[in-house]
Amino acid sequence: MSRRVVRQSKFRHVFGQAAKADQAYEDIRVSKVTWDSSFCAVNPKFLAIIVEAGGGGAFIVLPLAKTGRVDKNYPLVTGHTAPVLDIDWCPHNDNVIASASDDTTIMVWQIPDYTPVRNITEPVITLEGHSKRVGILSWHPTARNVLLSAGGDNVIIIWNVGTGEVLLSLDDMHPDVIHSVCWNNNGSLLATTCKDKTLRIIDPRKGQVVAERFAAHEGMRPMRAVFTRQGHIFTTGFTRMSQRELGLWDPNNFEEPVALQEMDTSNGVLLPFYDPDSSIVYLCGKGDSSIRYFEITDEPPFVHYLNTFSSKEPQRGMGFMPKRGLDVSKCEIARFYKLHERKCEPIVMTVPRKSDLFQDDLYPDTPGPEPALEADEWLSGQDAEPVLISLRDGYVPPKHRELRVSKRNILDARPPAGPRRSQSASDTPLAQHTLETLLEEIKALRERVQAQEQRITALENMLCELVDGTD
């Protein structure tokens, strides 16, 4: 009689657990807009959630420690004139977040470490280039200040946020609405899915589709794709009979899938969250009340089902914490922020271990907050792997970094020689400010206010002339 051999994996016993009630974020009016993004973004400092807002678009940013009930007058980030559709934290600056909106613009915001007393209404920069709604944002994984946006105009634009300039515009590759865009590990390639049912691998700097697969999933409903650390593509989609399906593909041979598995019958698009350190992919369906997770390996059947975390309430969206924000002392390997109708609930994924020591097999070195390249270096054709950090002693987020926009230099610009990053004004202790620098700053602000007042007066005069003309 043959004995069944159980597959060896340190992740076979990963289990999920919802945080206690006092660790959730209550009384948040989560956005009801119909859009298949995650509506939530999180980093080691802040939790950001797209919320309902009258007469425009807004999102709320909370320090991670601010759990419990959120005051109904808590300041929001407001600036868009239509609903916000996607938000994404900068991987190289924990105080910088980008938002994309139905109003066709992208705004980049500086979030202070202190709680603001009123709404944040002035972005550091507004990026205008799309002709229709912008529904997808993704920062470059290794290059400083490089941000990708994809819009309803079927165009992908790659921006240098430090100068506000368009680096690249990919406007003739997608004949229909783009459903998802994902960078590979070093940001040299993109994987995109589109309403035309085609999965594409794009070299953005050459402006070329280097590989494509039609009908990776045969159903008409939206498909999602993410790169794995081995360079394969993991996809979620639907069969012709509307069964949800997952697939694993080798871009060098798109003829046959490496793996293809049917899941269940449900309408919700499966959002894949992939952790390259453990090679686990977590599938969260909008409207589902569960998170299913799989390990991707080199052994057949290549995509191995691990477990399902189930709860009673359906999820409206989901945030996924970067590895450097996890509690290594508790053997956390993933943390999600599940959006309900009026609250956000953390869900922790843990590998049980008896020892309290640092588990180096669970925590290989992981991408840290330092970029590996400048924007112009990446644009010129250079590639670099992410700058890794060890989590052995835990991760302490760096202090607030000022995001500066310049038409010539890029924000946080690296000096020609000497230390890796020049000290910004916000890093300078108050005692080192001189009377002259403070007076200059006050003068500059007053001049800006005066210019705005003059503009308002001119507009009011124009309005009076128009009213008189109609009389």
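## Strands, rings and cores

Modeller: In this predicted model, strand S16 (residues 178-183) pairs with S17 in the antiparallel sense, over five bridges.

Biologist: Which residue stands opposite Cys194 of S17?
Modeller: Ile178 does.

Biologist: What about the turn in that hairpin, and where is the positive phi?
Modeller: There are six residues between S16 and S17, and Gly187 takes a positive phi near 75°.

Biologist: How many bridges join S17 to S18?
Modeller: Four, and S17 and S18 (residues 198-203) run antiparallel. Thr193 has Leu199 in S18 as its bridge partner. That hairpin has three residues between the strands, and Lys197 takes a positive phi near 70°.

Biologist: Is S17 mostly covered or exposed?
Modeller: Mostly covered: S17 covers residues 190-194, and five of its five residues are buried.

Biologist: Which residues sit on each side of S17?
Modeller: Leu190, Thr192 and Cys194 are on one side, and Ala191 and Thr193 are on the other; all of them are buried. In a regular strand, side chains alternate between the two faces of the sheet.

Biologist: Switching to rings. How many aromatic pairs are there?
Modeller: The count comes to 13 aromatic pairs. One of them is Phe273 with Phe336, edge-to-face at 5.8 Å centre to centre, with 80° between the planes. Phe273 lies in strand S24 (residues 270-275) and Phe336 in strand S29 (residues 332-339), so this pair ties together parts that are 63 residues apart in sequence.

Biologist: Are Phe273 and Phe336 buried or exposed?
Modeller: Both are buried.

Biologist: And why is the pair of Phe294 and Tyr305 edge-to-face?
Modeller: Because the ring planes stand at 70°, over the 60 degrees needed, with the centres 5.6 Å apart. Phe294 is in strand S26 (residues 290-296) and Tyr305 in strand S27 (residues 303-310), so the parts tied together here are 11 residues apart in sequence.

Biologist: How covered are those two?
Modeller: Phe294 counts as buried, at 3% relative accessibility. Tyr305 is partly exposed, with a relative accessible area of 46%.

Biologist: Which rings are linked into a cluster?
Modeller: Phe273, Tyr282, Tyr293, Phe320 and Phe336, through ring pairs.

Biologist: Which charged residues lie over rings?
Modeller: Two cases to look at. The charged end of Arg221 sits over the ring of Phe238, 5.2 Å from its centre. Lys286 lies over the face of Phe39, at 3.6 Å from the ring centre.

Biologist: Now the core. Which residues of the largest nonpolar core touch the most other members?
Modeller: Ile28, Leu47, Ile49, Phe59, Ile111 and Tyr337, out of 35 residues in that core. Elements giving two or more residues to this core include strand S5 (57-63), strand S8 (84-89) and S29. S4 gives the most, with six residues.

Biologist: What does Ile111 touch?
Modeller: Leaving aside residues up to four places away in sequence, Ile111 touches Phe46, Val61, Val77, Trp89, Asn95, Ile97, Ile120 and His400. There is also a second, separate core of 26 residues, which includes Phe273, Val328, Ile333 and Phe336.

Biologist: Last one: where does pLDDT stay under 50?
Modeller: Over residues 413-432, for which the model has 24 contacts beyond four places in sequence. The chain averages a pLDDT of 90, and 92% of the residues score at least 70.

Terms used. Residues numbered from 1 in each chain as written. Heavy atoms only, no water. pLDDT = per-residue confidence, 0-100. Contact = heavy atoms within 4.5 Å. Buried < 20%, exposed > 50% of the residue type's maximum accessible area, 1.4 Å probe, protein only. Pairing = 2+ DSSP bridges. Phe/Tyr/Trp six-rings, centres within 6.5 Å; stacked < 30°, edge-to-face > 60°. Lys NZ or Arg CZ within 6 Å of the ring centre and 35° of its normal. Core = buried A, V, L, I, M, F, W, Y, C linked by side-chain atoms within 4.5 Å.
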